[in-house]
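Subject: Structure handover

Hello,

Here are the sequence and the structure, as promised. My notes on what was found follow below.

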Amino acid sequence: PSPKNGTAPTPLINYLDTQYFGEISIGSPPQKFNVVFDTGSSNLWVPSQSCSPLYTACFTHNRYDASNSITHVYNGSGFSIQYASGNVRGILSEDVVVVGGIPVVQVFAEATALPAIPFIFAKFDGVLGMGYPDVAIDGITPVFDRIMSQHVLKQNVFSVYYSRDPTHIPGGELVLGGTDPNYHTGSFHYMNTKEEGKWEVIMKGVSVGADMLFCMEGCSAVIDTGSSYITGPASSISILMKTIGAVELAEGGYTVSCNLVKLLPTVAFHLGGQEYSLTEEDYILWSEFGEDICTVTFKALDVPPPVGPIWILGANFIARYYTEFDRGNNRIGFAQAI
Ligand SMILES: CCc1nc(N)nc(N)c1-c1ccc2c(c1)N(CCCOC)[C@H](c1ccccc1)CC2
């Protein structure tokens, strides 16, 4: 079934402004999974029925059962993928995957080793990589490339809305083939990707209040829908945290006292000739337990050269700036999110 007017929306669930995921199905009859649509990676994986229940993270998530799908095609090759938060190992299979009502025959991984840290914290089952094929593990053609080759989309773009308010339904929306005017205002400003093959742009600086403090000589920024926070080089982040008076927790997170939040400076990212600023409301997570602990949604992450040093602009950036990922023109567009 071709999508109506060449676009295909998928509503997303927002878990505490830190995890955003939507439903796909795999197999015949369809087996449903919640996946993060992740521009920081290019592969699809879901937990496998053959994942040992000793892996708690497999036990607590939906698992793909190849023996229950008449359209399953055996592959059996090994698979391993590394994220900033953890890695996943599995075996490859092929089956019909339906995203936003569009069916594709897709090679994907059945995860058979899912480490408890961090996947017991995952409210989603798996990951659907929306990155370029250039960075796909095992050279597997990604889902969106297979959808583009069906010529059912009005434009070879997809757009992401992440709500900032956990009570807002839907918690977000992925649109294949276009943008959703209900979730953005004003015009889009575009910038070309730094190189073919990654959702990465050249950033011209990061300013705190009126002072440009980091990346003055230019640096890379990845627009990553699969990352909860904004990450930057540890040296820059520690200066930024000192500037705003945040204290570091054990595992590298930062917090501030909630009654100081209103005094915090605006942080701005200079991308493509525009300043994309985040106010303290945009980069602070109010504690879900109501006590006086406010999480700062910046984290230190040193990515070694040649990929790094890079900044990763994650969910809290995208929640403020509605993002269009344009494969047709290898560019990224931002507009004010509503
Ligand atoms: C989506 C896959 C992915 N892709 C990219 N490019 N970057 C990263 N970091 C991830 C990733 C991997 C694993 C997990 C994750 C994210 N999580 C964040 C969801 C973000 O949803 C938008 C959750 C979490 C909870 C507690 C502490 C750390 C992480 C569950 C675990």
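Leu176 touches Gly6, Thr7, Ala8, Val99, Ile102, Met130, Phe144, Ile147, Leu153, Val157 and Phe158, leaving aside residues up to four places away in sequence (contact: heavy atoms within 4.5 Å). The model is predicted, so local features need pLDDT of at least 70 and side-chain atom pairs pLDDT 80 or more, while totals for chains, interfaces and linings use all residues. Numbering starts from 1 along each chain as its sequence is written, and side-chain values use heavy atoms, without hydrogens or water.

Together with Phe269 and Leu271, Leu176 has the most contacts inside the largest nonpolar core, which has 73 residues. A core here is a set of buried Ala, Val, Leu, Ile, Met, Phe, Trp, Tyr and Cys residues joined through side-chain atoms within 4.5 Å; buried is under 20% relative accessible area, exposed over 50%, partly exposed in between (1.4 Å probe, protein chains only). A second, separate core of 20 residues includes Cys51, Tyr83, Val107 and Phe119.

Four strands form an open sheet in the order β16-β17-β21-β20, with antiparallel pairing (strands: DSSP E runs of at least two residues; helices: H or I runs of at least four; both numbered from the N terminus; pairing: at least two DSSP bridges). β16 (247-248) and β20 (284-286) are the edges, each with a single partner strand, so one side of each lacks a neighbour in the sheet. β17 (residues 254-257) and β21 (residues 293-296) are joined by four bridges, and Val256 lies opposite Cys294 in β21.

Ile120 sits in the loop between α2 (116-119) and β8 (126-129) and is partly exposed, at 38% relative accessible area.

Regards
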